[in-house]
Amino acid sequence: MATVLSLHDRGILTAVNSGASSLSFVGSGFIVLCYSLFKELRKFSFKLVFYLSLSDMLCSFFNMVGDPSKGFFCYAQGYTTHFFCVASFLWTTTIAFTLHRTVVRHKTDVEDLEAIFHLYVWGTSLVMTVIRSIGNDHTHLGAWCWAQTGRTGKAVHFITFYVPLWGAILYNGFTYFQVIRMLNNATRMAVGMSDRAYQFDSRTDTKALNRWGYYPLILIGSWAFGTINRIHDFIEPGHKIFWLTFLDVGTAGLMGLFNSIAYGLNASVRRAISERLELFWPESLKRWFPNSSRHRNQQQQSELVSLKVQDQQ
């Protein structure tokens, strides 16, 4: 028996989509703003984070449009959302590649690969967006014009978005595993040859390094429900599950926010913001926080991997 979403359900999905995308737009836009304002952040490693945040911001903006009218605006929303969402998770693979090439392979030529990164990300996103026009039949899904109703269109949509998405997830997971394993082995060797003070610093650094292992989980958490929903919709096109669509819309819309927190709000960004705020910080309040500078220095040291990558570049 066919099950369709009611007008009330569509309204809820539209509100959830707009709200989640708005949060991602603000989060990713904040990272873009920080990169534009703070010159000390304009190193190659953070430049990749800037491109990631820019893609997230544009993806969120077009996704935030909601439920536009049929016709040109519906097609425009569908294609732009597809393009910038694909670009977003492709930029995460360039960050993983840069870290792997710098830490594991000990190469210092990553800045020379910037043009190749742009060709890879924007070119692949464009090709995937053009290919998805095969069997194209955009329709309203209550929250966006991104989905397609034709069976061929659904298959092409899955191939041009979810296949490269999960390929990026597997690549990032494998790459970060290799990086973390190598750095942990190097840390254990260094600890065995060093004094107790260095051992304390090494444990702190190792804890910071392990956070890289959670980065692939951002894409998994953002798109797991969407993948399940697309597969279910392909198998049973006449049966819509509201709660699954609700989770699909909500988690996908929050991808930009998750990326901005994980990749963007590192110690360098927090330090740059803190230093600007201190310029306007009243002297009476500074006396209440005498250890703020020392705390920031400890936070800076905990970001060992990020700083090592930047220094080697």
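The side chains of D109 and R101 meet in a salt bridge, with N and O 2.8 Å apart; a salt bridge here is a side-chain nitrogen of Lys or Arg within 4 Å of a carboxyl oxygen of Asp or Glu. The model is predicted, so local features need pLDDT of at least 70 and side-chain atom pairs count only at pLDDT 80 or more, while totals for chains, interfaces and linings use all residues. Residues are numbered from 1 along each chain as its sequence is written, and side-chain values use heavy atoms, leaving out hydrogens and water.

**Salt bridges**

- The salt-bridge count comes to five.
- R101 is buried at 13% relative accessibility, whereas D109 is partly exposed at 25%; buried means under 20% relative accessible area, exposed over 50%, and partly exposed in between (1.4 Å probe, protein chains only).
- D233 forms a salt bridge with K154, the closest N and O atoms being 3.0 Å apart.
- Because D233 lies in helix α7 and K154 in helix α5, this pair ties together parts that are 79 residues apart in sequence; helices (H or I, at least four residues) and strands (E, at least two) are DSSP runs, numbered from the N terminus.
- Both D233 and K154 are buried.
- D233 also forms a salt bridge with K240, with the closest N and O atoms 2.6 Å apart.
- The relative accessible area of D233 is 11%, while K240 is partly exposed at 24%.
- Through shared partners, the salt bridges join K154, D233 and K240 into one network.

**Nonpolar core**

- The largest nonpolar core has 47 residues, of which F89, F161, L165, W223 and Y263 touch the most other members; such a core is a set of buried Ala, Val, Leu, Ile, Met, Phe, Trp, Tyr and Cys residues joined through side-chain atoms within 4.5 Å.
- Helices that each supply at least two residues of this core are α1 (7-37), α2 (44-63), α3 (72-103), α4 (114-131), α5, α7 (215-235), α9 and α10 (267-279).
- Helix α3 gives the largest share of this core, twelve residues.
- Leaving aside residues up to four places away in sequence, F89 touches F161, P164, L165, A168 and L219; contact means heavy atoms within 4.5 Å.

**Helix α5 at G153**

- G153 lies in helix α5, which covers residues 151-193.
- The relative accessibility of G153 is 0%, so G153 counts as buried.
- The C-alpha atoms of G153 and R132 are separated by 7.1 Å, and the two residues are 21 residues apart along the chain.

**Surface patch**

- F30, I261 and L265 make a nonpolar surface patch of about 250 Å².
- Patches are made of residues with over 30% relative accessible area and no salt bridge, joined within 9 Å for like charges and within 5 Å for nonpolar side chains (Val, Leu, Ile, Met, Phe, Trp, Tyr).
- Accessible areas come from the Shrake-Rupley method with a 1.4 Å probe, and for residues only the protein chains shown count as cover.
- I261 is found in helix α9, residues 255-264, and is partly exposed at 46% relative accessibility.

**Record annotation**

- An unreviewed UniProt entry places the feature "transmembrane region" at residues 12-36, 48-66, 78-103, 115-135, 155-179, 212-229 and 241-265.
- UniProt positions are given in the numbering used here, feature names are shortened, and annotations may be inferred rather than shown by experiment.
- In the model, residues 12-36 are 100% helix and 0% strand, with end C-alpha atoms 36 Å apart.
- Residues 78-103 are 100% helix and 0% strand, with end C-alpha atoms 38 Å apart.
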